[in-house]
Amino acid sequence: MNKGKLAVFFSIIFICIAVFTLRYTNIFDNHQPKNIVIQSGDYVVGKNIPEGTYDVIVLHGEVKFMQMKMREGDRWLAVQLRRGEHVYVEGKGKVRLKPSRFEKIERGRNDIYQINYSGFYLVGKQIPEGTYIITYTSHDIKGKPFVQLLSSNRDVIHTYDFQNSRDKYYKVVCEKGQILEVHKNLFAESKHVVVILKKMNR
């Protein structure tokens, strides 16, 4: 096969791969969630906002996003927005909805995982499955987290309520596919609270 025929052959192969990619993947699907910037208003999921799971990021100002008080720089991760739901935003500020990437939480020293943002964390993808002691640190005397272990369908399995308890340590068994729901402060994001997971050795 001479060089001309070889070039034609590889061109045909390249075109076939490109057609297959466009036809069978969602890379260029207009229905895939994209970054959206919103401000005060009432938004309907499926009409004004595509259905999906988003990281909520406050760009500037102060807002109340679905009853969660947030300030500039605050994040609320992996919030699931379902078709037909109303998303209410109050206050003076702008919010970015960014499709969640479910980034892995890095393990620190002594098998400690530090959660810096409120959100929903996937066990087996972001947090290894296993048995943990869950606690927190706070620079605000009123800052206490609210944590729940959810099934893959987001049904509540167990609640760890630091808000209404003197306990500062709980034992939690996380299995692959479950979700750890973390609110650093109920109904308000807080920069002063950090949730800590200490993995227990078997």
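The side chain of H183 makes a polar contact with the side chain of E181 at 2.8 Å; such a contact is a pair of N or O atoms within 3.5 Å, where one must be able to donate a hydrogen and the other to accept it, and residues adjacent in sequence count only if both atoms are side-chain atoms. The model is predicted, with local features needing pLDDT of at least 70 and side-chain atom pairs pLDDT 80 or more, while totals for chains, interfaces and linings use all residues. Residues are numbered from 1 along each chain as its sequence is written, and side-chain values use heavy atoms, without hydrogens and water.

H183 belongs to strand 13 (residues 179–183), strands being DSSP runs of E of at least two residues, numbered from the N terminus. With a relative accessible area of 8%, H183 is buried (under 20%, 1.4 Å probe, protein chains only). Beyond neighbours within four places in sequence, H183 is in contact with M68, W76, S118, P145 and F146 (heavy atoms within 4.5 Å).

Two pockets are described next. A pocket is an open set of points on a 1 Å grid where a 1.4 Å probe fits, with protein on both sides within 12 Å along at least five of seven lines; lining residues have an atom within 4 Å of a point.

| Pocket | Volume |
|---|---|
| Largest pocket | about 400 Å³ |
| Second largest pocket | about 310 Å³ |

Of the 19 residues lining the largest pocket, L77, E103, Y117, Y121 and Q126 are closest to its centre. Strand 5 gives the most to this lining, with three residues. Around the second largest pocket are 16 lining residues, with K69, R71, D74, A188 and E189 nearest its centre.

Terms used:
Helices (H or I, at least four residues) and strands (E, at least two) are DSSP runs, numbered from the N terminus. Buried means under 20% relative accessible area, exposed over 50%, partly exposed in between (1.4 Å probe, protein chains only). Grid points are joined across faces, edges and corners, and a volume is the space filled by probe spheres set on the points.
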